[in-house]
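Here is a short walk through one protein chain. Look at the model first, then read on.

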Amino acid sequence: MSDTDIVQQAADAKSRLQSELRKIIVGQQSIIDELLITLLSRGHCLLTGVPGLGKTLLIKSLARSLSLSFKRIQFTPDLMPSDIFGTEVFEEDAATGKRSFRFVKGPVFANVVLADEINRTPPKTQAALLEAMEERQVTTAGNTHALEQPFFVLATQNPIELEGTYPLPEAQLDRFLLNSVIDFLPIEEEMEMVSATTAPPK
């Protein structure tokens, strides 16, 4: 297959994916393009916008359209790193009486991970994603666990002027290829969205 064929195949796949997303998402074309650029570049994306703009729906729809596993992590002030990675569980074999630790994987073990409202958790937990995003692996209890490929983190954050948010440190921002700012739809697209989601079936 020539380079031209490969480029054409990628362009066709991009068009089909955009068509599928447009069945669910009204407008936000530039945001969709930036998400696809990030995904194809094996990067991670930060989506900034106020609540209620469909960020979670967009990311979930993207994962479903690509048949990728999807997990959502709701970042809160009391979230701990083990809530992201997983934890060691001590268990006993009933037949042999042998005791051992077993690692129970956390939600970071998925192809598409939605880090929802990432700036609502303290910096310690924010930093827990650094290794996963850069090295595509998790180290816990001295053991290294490879993450599923492709691995794509889509983090959402509220504008920093909202109450209860922590600005992301520079080291965390460096892990994101793009910071996409999602805004309210123009009035025409807003009316189209309301009509599509609230109008009675014909």
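**Salt bridges and their surroundings**

Asp-116 is buried, at 7% relative accessible area. Here buried means under 20% relative accessible area, exposed over 50%, and partly exposed in between (1.4 Å probe, protein chains only).

This is a predicted model, in which local features need pLDDT of at least 70, side-chain atom pairs count only at pLDDT 80 or more, and totals for chains, interfaces and linings use all residues. Residues are numbered from 1 along each chain as its sequence is written, and side-chain values use heavy atoms, with hydrogens and water left out.

How confident is the predictor? The pLDDT gives its confidence in each residue, from 0 to 100. For the protein chain the mean is 81, and 92% of residues reach 70 or more. Among the elements, strand β2 (residues 70-74) has the highest mean, 92. Helix α8 (residues 187-198) has the lowest, 70. Helices (H or I, at least four residues) and strands (E, at least two) are DSSP runs, numbered from the N terminus.

Back to Asp-116. Its partner in a salt bridge is Arg-72, with the closest N and O atoms 2.7 Å apart. Asp-116 lies in strand β5 (residues 112-116) and Arg-72 in strand β2, so the pair ties together parts 44 residues apart in sequence. Arg-72 is partly exposed, at 41%.

A salt bridge needs a side-chain nitrogen of Lys or Arg within 4 Å of a carboxyl oxygen of Asp or Glu. The structure holds four. One of them joins Glu-117 to Arg-120 at 3.5 Å. Both of these residues are buried.

Methods: pLDDT is the predictor's confidence in each residue, from 0 to 100.
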